[in-house]
Amino acid sequence: MNSPNTFQTIPGQDDLQQVERDLSFHPCTNTNPKVLTREQIDHFNRAGYILPLRIFTESEVAELRTYFDNLLAKYVSEGKDSYSISSAHLRHGRVWDVLTNPRIVAIVSDLLGESVVAWGSHFFCKMPRDGKTVSWHQDASYWPLTPSKAVTVWLAIDDADRGNACMKYISGTQGLGHLTYQLSETDESNILNQTVPEVEKYGAPVFVELKAGEASLHSDLLLHGSDANTSDRRRCGLTLRYTPGDVHAHMGWHEKGVVVRGETPAHWNNRARPNEE
């Protein structure tokens with residue numbers, strides 16, 4: 001039986017509530033990092049994120065942007081939108097290559113340890129003046145993973161700044177556990193279906209401004225979101241998701257796994273590179 005190549009981006013609330021999850025922050029305990037500095041790890045433990053991280057050169061990211069432009073054109077021709085390229089590493093070899101890139105794997109391994117599974121890849125592409133927001137949320141709230149130790153590398157395909165609706169973080173909120181949210185399923189301008197209200201009580205937002213080829217990294221419990229892109233510039237980022245091998249995935253999400261460090265855990269799949277670019 002073939003493993004699936006597509007998954008529901010936002011699992012159903014009823015299904016998620018059936019999964020017993022540990023939704024608490026687990027700080028990194030690595031005292032001898034190889035790529036990150038001790039200060040960066042301390043900042044991740046305290047604030048929940050690290051930025052900026054230079055991953056690709058200008059020429060490398062220009063090539064990646066051209067690849068994405070062609071991929072997006074293909075999806076749009078099939079009647080899909082700019083947010084629909086999800087779990088892309090299961091279908092597109094070029095995305096699998098980015099997800100397993102040794103530069104990125106070395107960074108996340110400093111945080112997650114010597115057993116690391118890559119499991120997610122999703123292009124979040126805000127077209128010029130598209131009117132779509134990403135409400136304040138915690139990634140772990142959506143994911144059938146436990147315990148919540150996952151991190152996201154948000155790789156800028158285009159320059160991202162306040163003008164074209166870069167991401168925003170609320171520093172330190174990863175340490176607050178799973179926060180109460182409101183369902184926002186009827187808000188057509190919101191890409192997601194959860195909104196954490198009154199976030200201003202947790203602190204001022206940190207704007208995640210990145211140059212193309214740079215990345216930020218954040219905890220799955222860190223509050224984050226982004227405004228609508230009201231500019232004439234596109235804002236595309238590729239989210240790459242990683243977790244330690246001791247994390248368990250439910251609802252079939254173990255099928256997404258690609259082992260990028262260590263042996264294959266018994267409870268995860270290890271997907272090969274797709275043939276299609």
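**Figure 1. Ser84 in the loop between α3 and α4 of the predicted model.** Ser84 is partly exposed in this predicted model, because its relative accessible area is 26%, which falls between the cut-offs of 20% for buried and 50% for exposed. The residue sits in the loop that runs between α3 and α4 (93–99). A polar atom of the Ser84 side chain is 2.7 Å from the backbone oxygen of Asp81. Ile157 lies 73 residues away from Ser84 along the chain, and the C-alpha atoms of the two are separated by 16 Å.

**Figure 2. His122 and its surroundings.** His122 belongs to strand β2 and counts as buried, with 7% relative accessibility. Its side chain reaches the backbone oxygen of Tyr83 at 2.7 Å. Neighbours within four places in sequence left aside, His122 is in contact with Thr9, Tyr83, Ile85, Ser86, Gly237, Leu238 and Thr239.

**Figure 3. The aromatic cluster of Trp119, Trp143 and Trp253.** The structure holds five aromatic pairs. In the pair of Trp119 and Trp253, the ring centres are 5.6 Å apart and the planes stand at 35 degrees, so the pair is tilted. This pair links distant parts of the chain: Trp119 is in strand β2 (residues 116–126) and Trp253 is in the loop between β13 (248–249) and β14 (258–261), 134 residues apart. Both Trp119 and Trp253 are buried. Ring pairs join these two residues and Trp143 into a cluster.

Figure 4. In soluble globular proteins, nonpolar side chains tend to be buried together. Residues up to four places away in sequence not counted, Leu217 touches Phe44, Gly48, Tyr49, Ile50, Leu53, Ile107, Val108, Leu111, Val151, Thr152, Val153 and Tyr169.

Figure 5. Helix α5 (residues 102–112) is largely enclosed by the rest of the structure, because nine of its 11 residues are buried. The buried residues of α5 are Ile104, Val105, Ala106, Ile107, Val108, Ser109, Asp110, Leu111 and Leu112. Among these, Ile107, Val108 and Leu111 are touched by Leu217. At the start of the helix, a side-chain oxygen of Asn101 comes to within 2.8 Å of the backbone nitrogen of Arg103. Just after α5, Gly113 has a positive phi of about 110 degrees.

**Figure 6. Thr146 and the cis peptide bond to Pro147.** Thr146 is in strand β4 (residues 145–146) and is buried, with a relative accessible area of 13%. Its side chain reaches the backbone nitrogen of Asp22 at 2.7 Å. Apart from neighbours within four places in sequence, Thr146 contacts Glu20, Arg21, Asp22, Val247, His248 and His250. The peptide bond that joins Thr146 and Pro147 is cis, with omega of about -5 degrees. Pro147 lies in the loop between β4 and β5 (151–156).

**Figure 7. Other backbone features.** A cis peptide bond also joins Leu51 and Pro52, with omega of about -15 degrees; Pro52 is in strand β1 (residues 49–54). Arg129 is not a glycine, yet has a positive phi of about 55 degrees. This residue lies in the loop between β2 and β3 (134–137) and is exposed, with a relative accessible area of 54%. Met251, likewise not a glycine, has a positive phi near 60 degrees. Met251 is in the loop between β13 and β14 and counts as partly exposed, at 35% relative accessibility.

**Figure 8. The whole chain, for orientation.** The protein has five helices and 14 strands. The C-alpha atoms fill a box of roughly 50 × 45 × 40 Å along the principal axes. Buried residues make up 54% of the 277 residues. Of the contacts with a separation of 6 or more, 85% are between residues 24 or more positions apart. The accessible surface is about 12,200 Å², and 48% of it belongs to carbon and sulfur atoms.

Terms used:
Residues numbered from 1 in each chain as written. Predicted model: local features only at pLDDT ≥ 70, side-chain atom pairs only at ≥ 80, totals over all residues. Heavy atoms only, no water. Contact = heavy atoms within 4.5 Å. Helix = DSSP H or I, 4+ residues; strand = E, 2+ residues; numbered from the N terminus. Buried < 20%, exposed > 50% of the residue type's maximum accessible area, 1.4 Å probe, protein only. Polar contact = N/O pair within 3.5 Å; in protein donor to acceptor, adjacent residues only side chain to side chain. Areas by Shrake-Rupley, 256 points an atom, 1.4 Å probe, with all protein chains shown as cover. Phe/Tyr/Trp six-rings, centres within 6.5 Å; stacked < 30°, edge-to-face > 60°.
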